[in-house]
Amino acid sequence: MKLLKKSTLASLVGAAALTAAGAANATIVVGGENGYEFSVDGNINQFYTYADSDNGGADNSEVANGLLPTFFGFNVAMPEINGLKVAARVSISPSTNNYSTENGGNGSGSMEQREAFATVDGSFGQVLLGKALGVYSANNILLDQTLYGVGATTGESGTTTLGRIGYGYDYANWRSQIRYTTPDMNGFKAAVAIVDAEDDFGFDNIADGGTASSRFEDDPRFEASLSYASSFDGGSVKFWLDGMTQEVTGNFNGVRRSVDSNAYTLGGQVLFSGFELVAAYYDNEGVGDLGGLDRVSAYDANGNERDGDGYYVQGGYNFAGTTWLKVSYGESTLDQTSDEKTGLATTIAAGSVDTRSMTTVGIYHDVTANLKLVAEYSQMETEFHGTDSDEDTDVLSLGGFISW
């Protein structure tokens, strides 16, 4: 038997999102003479977070995890046969939060299952089967500094905080899918996925005055990505263009109709001599508020899709190879439909939100390969359609990660 120690939490996130073979990215690997390898990896993160609202809203003090929940991953890599490498990964993601009964919980925390997938690699590229982070907008969240912090909050957290989701990009989410990724072609890679469509929970209930009606996924969701990565003396670059489309049928004011969700995002990262610059832009329709987490706001009461767009920019510098100082700004805008503007459809749920923006400054220090300390400050602002009032919240977070 052999025991190998490899990288840190970045390996876990990279394995989950970029779908490399699980054991190849694991922190602890145990192998046998038959060529099979079993590995485990994970993290526990915890923060003290204080949110101060200056618009009359309640201030909030909380001890909880940040944007990432706890991860505990199990990986199996099988011996290469006829040029094929087969691997699998299953992880569990228990939250450290109390997740109180006020938020619909039972006071004992929350358990998520975000990953359960297998991969087949060969000279043709890679096929992934199962549940993993989506293709669309994956790079946006993976390169966001708040991935290792807290970012935006909504008061008392459920399972995790928001990070910058809905404050500069759409959420990639964890999706059941069949994905094909090409081999590296001089720095270029493409990925296409057929994905289980996302139910637009709740919109039909609102449109029918509270009476539940059936939702149908007429077609699967499709996601695709084209990326380019290259390194040079003292640095590296990465660029990406992602897109997604789906169609769901529901009832709106007693009329059954199909509604669409379409989006694209493009962005890039440059690393050079300790400096980092990240910038990304997105445009969507029928996605909704908070990066798609609030699907009710994706449509008006008549089933017309709302348009949205947004961006974020991020800069940072790495001191001595162990400490990142980063600052970022991002915003997301959600337009009213023409029916809402003319009064033919009433604004529903979070559809009154116009713009969400956030500035974040953070220090991320690696004490060791397994211990990261984080200090983060964010200033959130929400503006609304039809009023000059807004909501401003300051968020201070102190905590960190233990990873293996």
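Buried means under 20% relative accessible area, exposed means over 50%, and partly exposed is in between, using a 1.4 Å probe and protein chains only.

**Ground rules.** I am working with a predicted model, where local features need pLDDT of at least 70, side-chain atom pairs count only at pLDDT 80 or more, and totals for chains, interfaces and linings use all residues. I count residues from 1 along each chain as its sequence is written, and side-chain values use heavy atoms, with hydrogens and water left out.

**Salt bridges.** I looked for salt bridges, meaning a side-chain nitrogen of Lys or Arg within 4 Å of a carboxyl oxygen of Asp or Glu. The structure has 9 of them.

I started with Asp41 and Arg89, whose side chains form a salt bridge at 3.0 Å, N to O. Asp41 is in strand S3 (residues 37–53) and Arg89 in strand S6 (residues 85–94), so this pair ties together parts 48 residues apart in sequence. I noted that helices (H or I, at least four residues) and strands (E, at least two) are DSSP runs, numbered from the N terminus.

Is Asp41 buried or exposed? Asp41 counts as buried, at 1% relative accessibility. Arg89 is buried too, with a relative accessible area of 0%.

Next I followed Arg89 to Glu115, where the closest N and O atoms of their salt bridge are 2.9 Å apart. Glu115 sits in strand S7 (residues 111–122), 26 residues from Arg89. With 0% relative accessibility, Glu115 counts as buried.

I then checked Arg114 and Glu112, which meet in a salt bridge at 2.4 Å, N to O. Arg114 is buried, its relative accessible area being 7%, while Glu112 counts as partly exposed at 24%. Which residues do shared partners join into one network? Asp41, Arg89 and Glu115 are joined that way.

**Backbone angles.** I reminded myself that most residues other than glycine have a negative phi. Asn173 is not a glycine, yet its phi is positive, about 65°. I found Asn173 in the loop between helix H2 (138–142) and strand S9 (174–181). Ala320 also has a positive phi without being a glycine, at about 60°. Ala320 belongs to the loop between strand S15 (307–319) and strand S16 (323–334), and it counts as exposed at 78% relative accessibility.

**One more loop.** I finished with Thr70, in the loop between strand S4 (60–64) and strand S5 (71–77). Thr70 counts as buried, at 8% relative accessibility. Leaving aside neighbours within four places in sequence, Thr70 has contacts (heavy atoms within 4.5 Å) that include Asn43, Ile92 and Pro94.
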